[in-house]
Amino acid sequence: MKNNKYIIGLFLCLFAVQIAVPVYMIVNKEKTLVLGKQFKFRTVPVDPYDAFRGRYVALAVQQDSAPVPGDIKLVSGQNVYACIEEDKDGFAKIIGVSKGRPKEGNYFRARVRYADGNKVRLDLPFTRYYMDEKKAPAAEDAYRKHSQKDKQDAYITVRVRNGCAVIEELYINEKPISELWGHNT
Amino acid sequence: MVKKNIQWLYSELPDLINKGILSAEDSDKLKKYYGEITSGGRQKIVLTVFGILGAFLIGLGIILMLAHNWDAFSRPARTVISLTPLIIAQLLALWTILRHSASVAWRESVSTFFMLAIGSSIALIAQTYHISDSTANFLLTWMLLSIPIVYFMKASFPVILYLIGITCWSGFSQVEIWHAALFWPIFALAIPHVFQSAKNNMYSNRTAILFWGVSICLCVSTGIVMEGTVPGLWIIVYSALFAVLYLTDSLLFGEITGPWRNPFHTVGASGIFIFSLILTYEWAWESIGWRHYRTYGEYNQFAGILDYLLMTALLVIAVCLLVVSIRKRNFFKLLYGVLPVVTVFSYVICGFGENTIMPIILFNIYLFVLGIATMTAGFRSYRIGVVNAGMIIIMAQIFARFFDSQMGFVLRGIIFILIGIGFLAANVVLIRRKPGVK
């Protein structure tokens, strides 16, 4: 009987840990969406052979590189913080990277793809927009058409807070995708 | 002892008593020592397997259904739905422990569903918030949250899923962050369960399946996890790994078992053969050694140090097992297990002297000797399977050399026919020599 109570107690501790991880993810993302500052990122087309058709729209952001001060050494795969601010057109611009969490300003976690002298290329944490598998191919097609150089009016809005970045919406021709394809965000 | 062998022994007892070789009391003592053979074993296996498959399919079906109707739900609704499979699985697990803890079928199927529920919860949340986190991070989180299930539920199928999961993780980790140094500690998390199963019954189906999982996981993951800062170090590491797997069986198993029940022996011996065959090609020995040390971008120097530690550990274990084989005067095992010694010697010659010809000659001789020794061992013990294995080794080597050299088709055809006749003749001789065969 005592053994049973001990086992149940341990089980409940395990359950608490297993629930805590997804709940933490939810709370963190919700706080960012509700309290975070909104930034707009211009998008560029993604090579169709790289996109996983049907489950999500594959995204790529126009600016995914940043200058690096000479005294900072970065290696591929390293986690860093990308510091951002708005440019004169109201779109986000990555102005630099930091190894440690910056004390002020807006920033989010990213990973170094490769560092080349005084410039670093980053893997950003918003490359997928999940939607219904039947609607995703058409949405992706529209997104790609509106991300070309001569017709660049697709962008994403991202909420940023304390290093966390969450995609809020994908816009094509100033309209949110939720309106175009009846997708719930 | 293997159940099949115990059944055979029990079937022989009445005959032995009748012939006066054993007394009735001795027979009772034997039966008391080995215990009763529990019936219904096959039924239990079928129930367990069907239970696991059922849980697996239900889990996948739920994921697919939720994915299809996803668009119809609001974000708060999706958040709640994301957690629902996990909560249901936890409640089921608790109920199983309280009410059906003795049932293997319940424990295995519920723990399988539990593991899938964890993965689906994390994946569904990632979809809800468009999280583009790396696949490596997702797999690592899923596996680390799942491994405690194995110990709480005392279930083994999740261990197999875990080994598959961490093998996949190592591949994605190498691609995304350029190293998989964490692999060995997370692999070690599964070992206590494997060890416990072996301790309970070395010859059970559960232990055999776990050993197969561990062997295959090690063979696949080792190459992925190795950083490769020193080119060619994989040659020494894999040769030591296969030798360790092969030589371990003599420590674990007291009686001869079939290839299914002894995966270490099967994987080790097959690995030694295939690996030695690969090392008879020149491309395996090109540009190896410390002269070609890699330091550029994607090679992680710290992970490279782990390569040396792995190589050292495997070589030390292989040498210790070799010493045991020498003491037991098991020279056939010694011949297979000596592969790391041959490899290290070849590596040093090639790595420092840039001589690729000597290792190729050495491995051709080694493989040929291995084939002849295997055939001889098969003849001596009247095991046709072992004889044929030896002939396959010889044939594979000749086959490989044929494609290397400039021999004509007719000559190759004649030699293949001769080898085929050799196989058939060997089988006939062996069958005729087998005692009791007229």
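A:P125 is partly exposed, with a relative accessible area of 24% (partly exposed lies between buried, under 20% relative accessible area, and exposed, over 50%, using a 1.4 Å probe and protein chains only). The model is predicted, so local features need pLDDT of at least 70 and side-chain atom pairs count only at pLDDT 80 or more, whereas totals for chains, interfaces and linings use all residues. Residues are numbered from 1 along each chain as its sequence is written, chains are lettered from A and ligands numbered from 1 in the order in which they are written, and side-chain values use heavy atoms, with hydrogens and water left out.

A:P125 sits in the loop between β7 (119–123) and β8 (128–130) of chain A; here strands (E, at least two residues) and helices (H or I, at least four) are DSSP runs numbered from the N terminus. Leaving aside residues up to four places away in sequence, A:P125 touches A:F108, A:R109 and A:A165, and also B:S132 in the other chain, a contact being heavy atoms within 4.5 Å. For A:R109, which is 16 residues from A:P125 along the chain, the separation of the C-alpha atoms is 7.5 Å.

Turning to chain A as a whole, 3 helices and 13 strands are found. Of its 185 residues, 44% are buried. Among the contacts in chain A with a separation of 6 or more, 67% join residues 24 or more positions apart. The chain has an accessible surface of about 10000 Å², and carbon and sulfur atoms contribute 50% of that area; accessible areas come from the Shrake-Rupley method with a 1.4 Å probe, and for residues only the protein chains shown count as cover.

One open sheet of chain A contains 5 strands in the order β3-β7-β6-β4-β5, with antiparallel pairing (two strands pair if DSSP finds at least two bridges between them). Its edges are β3 (65–67) and β5 (92–98), each of which has a single partner strand, so one side of each is left without a neighbour in the sheet. On average, neighbouring strands of this sheet are turned by 50° against each other, direction ignored; the axes are lines fitted to C-alpha atoms, for helices over the stretch in contact, and angles run from 0 to 180 degrees between N-to-C directions. Within the sheet, β4 (residues 79–86) and β6 (residues 106–116) of chain A pair in the antiparallel sense over 6 bridges, and A:C83 stands opposite A:Y107 in β6.

A further open sheet of chain A has 4 strands, ordered β1-β11-β12-β13 and paired antiparallel. Here β1 (37–42) and β13 (175–176) stand at the edges with a single partner strand each, so one side of each lacks a neighbour in the sheet. Strands β11 (residues 154–161) and β12 (residues 164–172) of chain A run antiparallel and are joined by 8 bridges. Opposite A:V160 stands A:A165 in β12, and A:A165 is also one of the residues touched by A:P125.

In chain B, helix α10 (residues 205–225) holds B:S221, a buried residue with a relative accessible area of 0%. B:S221 touches B:T167, B:S170 and B:F183, not counting residues up to four places away in sequence. B:G378, found in helix α16 (residues 357–381) of chain B, is likewise buried at 0% relative accessibility. By contrast, B:I45 in helix α3 (residues 41–68) of chain B is partly exposed at 42% relative accessibility.
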